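Subject: Structure handover and notes on side-chain contacts

Dear colleague,

Here is the structure I promised to pass on, with my notes set out below it. Please read them with the model open beside you.

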Amino acid sequence: MSRLESFRAARWIRTFNLLLQGLLFLTLCGGLNYLALHFTWRYDLTAHRRHSLSPETQAYLENLRQPVHIVVTLSADSENEELAQAYRDVRGLLREYVYATENNPVGRITVDYLDIYQHRREAERLKIDRPNTIILLSDQNAKQRVIDLDSLYVVENREKKAFRGEQAFTSAILEIASPKKKKIYFLTGHGEMDPNAVDGLYGLSAFKDELMLRNFTVDVVDLAQKRQVPDDADLLVAASPRNKYWPFEEEMLRQYLATRAGRLILLLSPGGGPHGLDRLLDDWGILSDDVVVCDNTRESVTETGDLRITEFPPHPINQSLRAYGIPLTLGYTRVARPDPGRTLDPGLDVQVIAATAATAWGERDYRQQGVPRFDAGVDLKGLPEIDPKDRLGVIVASERKTPAEGLPFSVRGGRLVVFGNADLASNNRITNPGNQNILLNAVNWTVDRDTQLAIPPRPIDRFQLVLSQQQLARLRYSLLLGVPGAIALLGLLVYWTRRS
């Protein structure tokens with residue numbers, strides 16, 4: 001027997017063969033890891049491309065020149081299933097943003113998930129004191145932006161239909177990476193409510209804090225002294241003026257809206273006297289009658305006597321209130337409605353944002369004593385030819401769209417929102433979820449923060465397995481007995497085959 005045929009040689013050959021196989025296996029793994037590290041391909045095979053960013057977002061991220069840090073205070077362990085689902089949706093989406101910018105050295109996006117109760121010091125450093133929020137930070141611009149959870153979903157009848165997180169995040173990233181903050185001026189000099197006052201009835205400090213939290217710069221301006229609208233004004237707010245604006249001030253506001261595509265929010269309370277802005281409102285097709293909205297029905301009045309508003313015609317400003325059925329609670333409120341006698345202007349779009357119930361009316365003699373009653377021919381009722389039919393508007397928005405010749409889109413025009421109530425913005429009432437929501441949405445709409453990118457929302461698919469009691473019992477017994485029995489039978493067959 002030759003040496004190659006001896007048992008020792010066979011053992012050495014077998015050992016060498018095993019070592020060679022191990023070496024080849026390690027080489028294969030190393031090669032695959034090298035290819036995966038340097039030559040990666042990702043394929044999203046899901047129906048709605050849930051794990052891919054749109055080409056528009058990717059183009060924006062490639063040209064991002066500011067790093068953006070995102071802090072998420074949502075928790076996967078939340079007892080609220082909606083918050084837990086929002087955490088999973090947001091985490092999956094932000095993973096794609098991080099991946100898309102990992103090769104961008106100047107515009108990288110980083111994400112932290114922070115429990116503000118367990119990491120109190122880090123939360124204080126970032127000035128974050130709210131759970132269940134999403135905050136975008138830019139150190140270079142010293143800016144931050146809060147994304148509300150309501151803006152992440154399309155909701156119909158209190159049911160989430162689609163996830164539009166990519167729209168919200170991409171818009172917020174582009175805004176926070178911009179070096180310029182949007183600036184809001186509150187008008188003063190006519191007894192308006194003060195954004196710096198902490199008074200519960202006439203102070204707007206809580207409203208101001210909410211605006212600053214959302215990356216706005218807030219200041220005040222007296223047009224009678226300055227004699228012009230500031231050049232950096234992105235939005236003007238007139239909150240419950242008690243004295244009449246001078247004609248030259250009204251003209252400045254009219255020119256600001258008309259020639260500079262300006263943005264203005266008016267909060268007009270009843271009983272404040274003439275405001276001096278009738279020509280301006282006429283330009284924008286709006287009437288704000290100095291009449292108090294009255295309604296004697298139990299559904300429209302709270303136990304404390306406040307007016308309860310639940311009618312919201314479709315508009316970007318009130319979409320959250322419509323989706324979740326959130327009402328407004330208002331004190332004394334005047335009517336704000338489209339002017340039925342205005343000249344037809346195809347470029348002017350006037351819409352009611354919030355309206356009363358059909359049983360409400362506008363009381364003209366509201367200063368008199370006694371229980372108010374509707375007087376036909378004197379008091380004001382809703383008109384059937386103006387939407388919403390037979391209802392009085394309390395908040396109305398007007399937008400001027402100038403069609404561009406030969407182009408399939410409209411040129412940016414002015415925007416005006418008129419509230420027939422001002423106390424909803426006061427420190428006492430802004431804590432109401434509906435009041436705060438519609439105020440902030442009105443601000444976002446006027447300054448174009450509601451602009452929808454060409455990024456479609458992703459439908460939310462729901463799968464539900466429905467089993468009867470008998471089917472559930474069969475499934476239980478199959479798992480408890482069927483699977484182990486099949487494995488035992490296979491073992492017996494193998495045993496019997498080897499034995500025979």
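To begin with charges and rings, the charged end of R415 sits over the ring of W445, 4.4 Å from its centre, where a charge sits over a ring if NZ of Lys or CZ of Arg is within 6 Å of the ring centre and within 35 degrees of the ring normal. R400 likewise lies over the face of W284, at 4.7 Å from the ring centre. R415 also belongs to a network of salt bridges that links it with R263, E399 and D448, a salt bridge being a side-chain nitrogen of Lys or Arg within 4 Å of a carboxyl oxygen of Asp or Glu.

Before going further, please keep in mind that this is a predicted model, in which local features need pLDDT of at least 70 and side-chain atom pairs count only at pLDDT 80 or more, while totals for chains, interfaces and linings use all residues. Residues are numbered from 1 along each chain as its sequence is written, and side-chain values use heavy atoms, with hydrogens and water left out.

Salt bridges

The structure holds 15 salt bridges. One of them joins the side chains of K183 and D219 at 3.9 Å, N to O, and this pair links distant parts of the chain, with K183 in strand β7 (residues 182–187) and D219 in strand β8, 36 residues apart (helices, H or I of at least four residues, and strands, E of at least two, are DSSP runs numbered from the N terminus). K183 counts as buried at 17% relative accessibility, whereas D219 is partly exposed at 31%; buried means under 20% relative accessible area, exposed over 50%, and partly exposed in between, with a 1.4 Å probe and protein chains only.

D283 and R254 meet in a salt bridge of 2.6 Å, N to O. Because D283 lies in helix α9 (residues 278–283) and R254 in helix α8 (residues 247–259), the pair ties together parts that are 29 residues apart in sequence. Here D283 is partly exposed at 28% relative accessibility, and R254 is buried at 17%.

What is the nearest side chain of opposite charge to D222, and how far away is it? It is R227, 8.5 Å away, and D222 is buried yet has no salt bridge; for charge, Lys and Arg count as positive and Asp and Glu as negative, with His and the chain ends not counted. D222 is found in the loop between β8 (216–221) and α7 (223–226), and its side chain reaches the backbone nitrogen of A224 at 3.0 Å. Leaving aside residues up to four places away in sequence, D222 touches T188, G189 and E249, contact meaning heavy atoms within 4.5 Å.

Aromatic pairs

The structure holds five aromatic pairs, for which rings of Phe, Tyr and Trp (its six-membered ring) must have their centres within 6.5 Å, with planes under 30 degrees apart counted as stacked, over 60 as edge-to-face and the rest as tilted. The rings of Y87 and Y113 have their centres 5.7 Å apart and their planes at 70°, so this pair is edge-to-face. Y87 lies in helix α3 (residues 81–100) and Y113 in strand β2 (residues 109–113), so the pair ties together parts 26 residues apart in sequence. Y87 is buried, with a relative accessible area of 12%, while Y113 is partly exposed at 31%.

Conventions
Polar contact = N/O pair within 3.5 Å; in protein donor to acceptor, adjacent residues only side chain to side chain.
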